[in-house]
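Dear colleague,

Please find the structure below, followed by a short account of what was found in it.

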Amino acid sequence: MLYKKIYKSLLGDILIVFNEEALFGLYLYSQKEFAEKLKDTEIILIVDEVLFSSKEEDYKILRLTETWLDKYFLGEDPSFIPPIKVYGSEFRKDVWDILLKIPYGETRTYKEVGEPLLASGKYERVSNQAVGGAVGHNPISLIIPCHRVIGSDGSLRGYAGGLDVKRKLLELEGKKKNKKGFFKNT
């Protein structure tokens, strides 16, 4: 059974989709998936009253995810990842695994994300556009940190939640812009 809950953040509402074993989605209010999942009647909405009256072990994944988000929005590195389950092509899953390895407060270019894919020997070619497509279809925003992927010149490129949100997330993580207004790679 899938559940959903709205988390109130500095950036607006975030929709958490989960079951008893894993987090399946984390959608910012500005993503089209937010509205789609919010309307999905197959997913049970959990309200605060239900959560407050439940046992500590109930909704464990939700509680871990909210703890992660609380720490993140306080400007801290949460230093853990709740159990997640993603669905997608092998290529997308490989890209998302690489994104999970980008440390808090650091960025990578699309090319840098593609390099380990080539090095793995699984792929003959990897274009920046293919990497960008996988990054853009990330179902677990923030935790799988697609906002940490930038253009090779340090510029912000597409983000499902919007470029203003991407900029705010990088600034929250302490990422500084250079004199030209671009985020520096580390």
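Leu11 counts as buried, at 13% relative accessibility (buried means under 20% relative accessible area, exposed over 50%, and partly exposed in between, with a 1.4 Å probe and protein chains only). This is a predicted model, in which local features need pLDDT of at least 70, side-chain atom pairs count only at pLDDT 80 or more, and totals for chains, interfaces and linings use all residues. Residues are numbered from 1 along each chain as its sequence is written, and side-chain values use heavy atoms, with hydrogens and water left out.

Leu11 sits in the loop that joins strand E1 (3-9) to strand E2 (12-18); helices (H or I, at least four residues) and strands (E, at least two) are DSSP runs numbered from the N terminus. Leaving aside residues up to four places away in sequence, Leu11 touches Tyr29, Phe73, Val165, Lys168 and Leu169, where contact means heavy atoms within 4.5 Å. Between Leu11 and Pro78 the C-alpha to C-alpha separation is 18 Å, and they are 67 residues apart in sequence.

**Two residues with positive phi**

Tyr59, which is not a glycine, has a positive phi near 55°. Tyr59 belongs to the loop between H2 and helix H3 (60-73) and is partly exposed, with a relative accessible area of 21%.

Leu142 is likewise not a glycine, and its phi is positive at about 70°. The loop between helix H6 (128-136) and strand E6 (149-150) holds Leu142, which counts as buried at 1% relative accessibility.

Yours sincerely
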